[in-house]
Amino acid sequence: MEELFQSEPEPWERAISKSELRHYVPLTQSQFDDEEFDDWKWMMGSAELPRWLGYSLGYALVGQYIDDHPDARASTLVATPSANFKPFLAKLAA
């Protein structure tokens, strides 16, 4: 949306601050390749995970990726394998 409409990030894209996201990086790294992870809990929240964590985390990961690949655009990343984003989790933890 931001790229398309030149708008501010949506509330779910910034629901969790970068400092709060750092807390969830180890858990994210441990479940990143798990094909049976519960995406509902990551997106909508649960007792352990705050609401919209997955959206905020995804937004931050794509942002980190674009920072390192200035010619990339979010709209062109839809078919990019998720493994390409995993290294950027460490940058979120920094």
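**Figure 1. The loop between helices H3 and H4, with Trp52.** Trp52 belongs to the loop that joins helix H3 (39–44) to helix H4 (53–68); helices are DSSP runs of H or I with at least four residues, strands are runs of E with at least two, and both are numbered from the N terminus. Although Trp52 is not a glycine, its phi is positive, at about 70°. The model is a predicted one, in which local features need pLDDT of at least 70, side-chain atom pairs count only at pLDDT 80 or more, and totals for chains, interfaces and linings use all residues. Residues are numbered from 1 along each chain as its sequence is written, and side-chain values use heavy atoms, with hydrogens and water left out.

**Figure 2. Helix H4 and its cover.** The 16 residues of H4 should span 22 Å at 1.5 Å a residue, and the end C-alpha atoms of H4 are 23 Å apart, which agrees; the expected span is 1.5 Å times one less than the number of residues. Buried residues of H4 are Leu53, Gly54, Ser56, Leu57, Ala60, Leu61, Gln64 and Tyr65. Here buried means under 20% relative accessible area, exposed over 50%, and partly exposed in between, with a 1.4 Å probe and protein chains only. The cover over these buried residues includes H2, H3 and helix H5 (88–93). An α-helix has 3.6 residues a turn, so residues three or four places apart point the same way.

Figure 3. Gly63 lies in helix H4 and is partly exposed, with a relative accessible area of 29%. Between Gly63 and Lys91, 28 residues apart in sequence, the C-alpha to C-alpha distance is 11 Å. Gln64, also in helix H4, is buried, with a relative accessible area of 12%. When neighbours within four places in sequence are left aside, Gln64 is in contact with Lys18, Phe88, Lys91 and Leu92; contact means heavy atoms within 4.5 Å.

Figure 4. Leu21 lies in helix H2 and is buried, with a relative accessible area of 2%. Residues up to four places away in sequence not being counted, Leu21 touches Ile16, Leu53, Ser56, Leu57 and Ala60. Leu21 and Leu53 are 32 residues apart along the chain, and their C-alpha atoms are separated by 7.9 Å.

**Figure 5. Thr28 of helix H2.** Thr28 is placed in helix H2 (residues 18–31). A relative accessible area of 7% makes Thr28 buried. Apart from neighbours within four places in sequence, the contacts of Thr28 are Trp42, Leu57 and Leu89.

**Figure 6. The whole chain as context for the close-up views.** The protein chain has five helices and zero strands. Its radius of gyration is 13 Å, close to the 12 Å that the globule rule gives for 94 residues, so the chain is as compact as a globular protein of that length; the radius is taken over C-alpha atoms, and the rule is 2.2 Å times the number of residues to the power 0.38. The C-alpha trace spans about 35 × 25 × 25 Å along its principal axes. Of the 94 residues, 30% are buried. Among contacts with a separation of 6 or more, 60% are between residues 24 or more positions apart.
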